[in-house]
Amino acid sequence: MDKIDLLKDVEERCKSANLPLKEGATNLVFGKGNPSAKIVFVGEAAGRNEDLQGVPFVGAAGKNLDKLLSSVGLSLDDVYVANILKYRPSENRDPSPEEIMAHTPWLVEQVKVIQPSVICSLGNYATKFFLSGGDVDSMKKMPGITQVHGKVRMIDFMGLKIKLIPLFHPAAIIYNRSLIDLWERDMEIVKSEINQKTL
Ligand code: URA
């Protein structure tokens, strides 16, 4: 099976799984983009628009993600985009540890199929998840995004060697305009990292 079919299979199994938040959601928000991408962006959870369309990052935060991608010369053909949670939490509240624990095995399956060289973690939850090596119990001990944004590091994630680039969440800059300069500086880091021949 190629990566497209493998991911479809993961998505079908995820759809039939009895996950928390499924009941109140309209659609599963599994992922979008190129299953053979070398770069994966991971956000937190679907918002209202994503829940309605079943596609990640189609709302206001998605517009910022699109800007980020085009500013570093990338399109959806070059990347894959997914979230920590596969269903929208009501009122866009923060994910609970139990929800993260139940949903992230699906993210792990996605990453194992795609085998990216680079993961850009968007915001606190995705960043702490990857920094902890996928150990949800130790996520709370990990440094927050304000401390680690733009700091590139190699991680060992489930046996895969991946370059992690933590970034502010694209929604954060909608609510906090003072982050824009930092966000733009981080984009330069993304640009130089993805231009290295090691990808
Ligand atoms: N925020 C996220 O983290 N993911 C989405 O899909 C949309 C907004």
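Reader: At roughly how many degrees do the axes of helix α1 and helix α4 cross?

Author: Start with the general idea: two packed helices are described by the angle between their axes and the distance between the axes. In this predicted model, the axes of α1 (residues 3-16) and α4 (residues 97-114) cross at roughly 170 degrees and come within 10 Å. Angles over 145 degrees count as roughly antiparallel, so that is how α1 and α4 run relative to each other.

Reader: Okay, and which residues of α1 and α4 meet?

Author: From α1 you get Lys3, Leu6, Leu7, Val10, Arg13 and Cys14, and they meet Trp106, Glu109, Gln110, Val113 and Ile114 of α4. Sorted by class, this contact has seven nonpolar residues, three charged and one polar.

Reader: Now the sheet. What is the order of the strands?

Author: Read across the sheet and you go β1-β3-β2-β4-β6-β5: six strands, open, with mixed pairing. At the edges sit β1 (32-33) and β5 (153-157), each pairing on one side only.

Reader: In which sense do β2 and β4 pair?

Author: Parallel: β2 (residues 39-43) and β4 (residues 118-122) share four bridges.

Reader: Which strands does helix α3 touch?

Author: Helix α3 (residues 60-71) packs on the sheet against β2, β3 (79-83), β4 and β6 (160-167), and its direction makes about 155 degrees with that of β2. Helix α5 (residues 123-131) packs on the sheet too, touching β2, β4, β5 and β6. The direction of α5 makes about 140 degrees with that of β4.

How values were computed: Residues numbered from 1 in each chain as written. Predicted model: local features only at pLDDT ≥ 70, side-chain atom pairs only at ≥ 80, totals over all residues. Heavy atoms only, no water. Axes fitted to C-alpha atoms, helices over the stretch in contact; angles between N-to-C directions. Helix = DSSP H or I, 4+ residues; strand = E, 2+ residues; numbered from the N terminus. Parallel < 35°, antiparallel > 145°, perpendicular 65-115°, else oblique. Contact = heavy atoms within 4.5 Å. Nonpolar A, V, L, I, M, F, W, Y, C, P; charged D, E, K, R; others polar. Pairing = 2+ DSSP bridges.
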